[in-house]
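Trainee: I am new to this structure. Could we go through it step by step?

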Amino acid sequence: MAKISHYIEYVFVLNLRFLILCLPYKFALFLGGILGKFAYFVDKKHRNIAATNLEKAFKGEKTKEELIKINKALFSHLCKCLIEFIMLPRIKGKIKNIVKIEGLENLHAAFKREKGAIMLVPHFGNWEIAGAVYCMLLPSRSNAIAFPQSNKLTDRLINKSRESIGIKMIYTGNAIKTALQCLRRNEAVGFLADQDARGDGVFINFFGRPASTNKGPVVFALKTGAPILMTFMIRQKDDTHLFVIEPEVVMEKTGDYNKDILVNTQKWNDILETYVRKYPEQWFWVHRRWKTQP
């Protein structure tokens with residue numbers, strides 16, 4: 001049975017969604033930027049989480065003033081992401097107008113092997129628009145593994161919105177079997193794998209600190225031979241987006257299974273760190289990424 005707080009949150013989200021869908025797209029984004037500035041001041045919990053993460057990640061590299069500026073920009077960016085996600089069903093037919101794609105040849109090369117592809121979509125830029133781009137590039141072949149939210153009501157609403165743009169959701173519980181079937185059919189399987197994996201992950205180095213990381217993408221790659229591609233949706237100054245498809249993450253195979261998982265998981269996290277350092281205001285710093293420690 002859902003908690004009363006979950007019902008309140010669900011009703012709030014429904015009303016917010018209704019109001020935003022009544023607005024013109026560009027004005028809604030402008031409003032999202034203003035809402036982000038407000039959210040920075042009222043959401044003390046997530047502001048402090050982001051501030052702590054930023055301070056530890058960039059210790060000795062950036063001044064306090066620079067870190068505060070990044071934190072404020074992060075909140076505006078995230079609120080714009082929310083606006084864009086709510087409006088996705090409306091703008092999905094206009095994706096070509098707001099997204100420029102770079103590295104499309106890497107996607108084509110991966111699918112020529114006919115083993116499917118594991119798409120790593122970190123919580124960077126607007127990862128939800130990345131899903132819409134995949135549906136445009138790979139119609140009927142875009143799948144994503146969904147990790148449930150604590151509020152089942154909003155969780156259903158979020159996944160319904162994702163499915164409305166063409167993504168086929170793979171729900172935890174039967175995820176391994178379904179994902180393997182998708183790869184055998186030469187389809188894409190998307191992972192949002194850059195958050196704390198608790199005791200189920202492997203510890204890699206991320207910004208100089210041990211970070212428990214989902215080993216699933218590398219396990220699937222080693223088992224099936226499917227290539228891993230990292231993708232980044234980078235917000236531009238005019239609120240259009242650059243979608244970058246990185247070259248395949250080349251797997252090291254030494255015969256030592258545990259070592260291979262660790263080494264290859266480190267590889268894709270190194271790529272992620274490079275992008276986060278370049279665009280620090282576009283990563284999801286409000287999550288306790290380093291909560292689990294060895």
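Trainee: How many helices and strands are in the chain?

Mentor: Keep in mind that this is a predicted model. The chain holds both kinds of element, and the count is eleven helices and nine strands.

Trainee: Why is the chain called as compact as a globular protein of that length?

Mentor: For 294 residues the globule rule gives 19 Å. The chain is as compact as a globular protein of that length because its own radius of gyration is close to that value, at 19 Å.

Trainee: What box do the C-alpha atoms of the chain fill?

Mentor: The box is taken along the principal axes. Its size is roughly 50 × 45 × 45 Å.

Trainee: Which percentage of the 294 residues is buried?

Mentor: A residue counts as buried when its relative accessible area is under 20%. Of the 294 residues in the chain, the buried ones make up 52%.

Trainee: Among contacts between residues at least 6 apart in sequence, what percentage joins residues at least 24 apart?

Mentor: Start from the contacts in the chain whose partners are at least 6 apart in sequence. Those that join residues at least 24 apart come to 77%.

Trainee: What span does helix H8 reach from its first C-alpha to its last?

Mentor: H8 covers residues 152-164, which is 13 residues. At 1.5 Å a residue, 18 Å is expected. The span in the model is close to that, at 18 Å.

Trainee: Which helices and strands do the buried residues of H8 pack against?

Mentor: The buried residues of H8 include Leu153, Leu157 and Arg162. Two of the elements they pack against are strands, E3 (142-146) and E4 (168-171). The helices are H1 (4-21), H4 (64-91) and H7 (127-137).

Trainee: Which residue follows H8, with a positive phi?

Mentor: Its phi is near 115°. The residue is Gly166.

Trainee: Ser140 also has a positive phi, although it is not a glycine. Is Ser140 buried or exposed?

Mentor: Ser140 sits in the loop between H7 and E3, and its phi is about 70°. The cut-off for exposed is over 50% relative accessible area. Ser140 has 58%, so Ser140 is exposed.

Trainee: Phe207 is another residue other than glycine with a positive phi. Is Phe207 buried or exposed?

Mentor: Phe207 has a phi near 55° and lies in the loop between strand E6 (202-206) and strand E7 (209-213). Its relative accessibility is 6%, so Phe207 counts as buried.

Note on methods:
Residues numbered from 1 in each chain as written. Predicted model: local features only at pLDDT ≥ 70, side-chain atom pairs only at ≥ 80, totals over all residues. Heavy atoms only, no water. Helix = DSSP H or I, 4+ residues; strand = E, 2+ residues; numbered from the N terminus. Rg over C-alpha atoms; globule rule 2.2 N^0.38 Å. Buried < 20%, exposed > 50% of the residue type's maximum accessible area, 1.4 Å probe, protein only. Contact = heavy atoms within 4.5 Å. Expected span 1.5 Å × (residues − 1).
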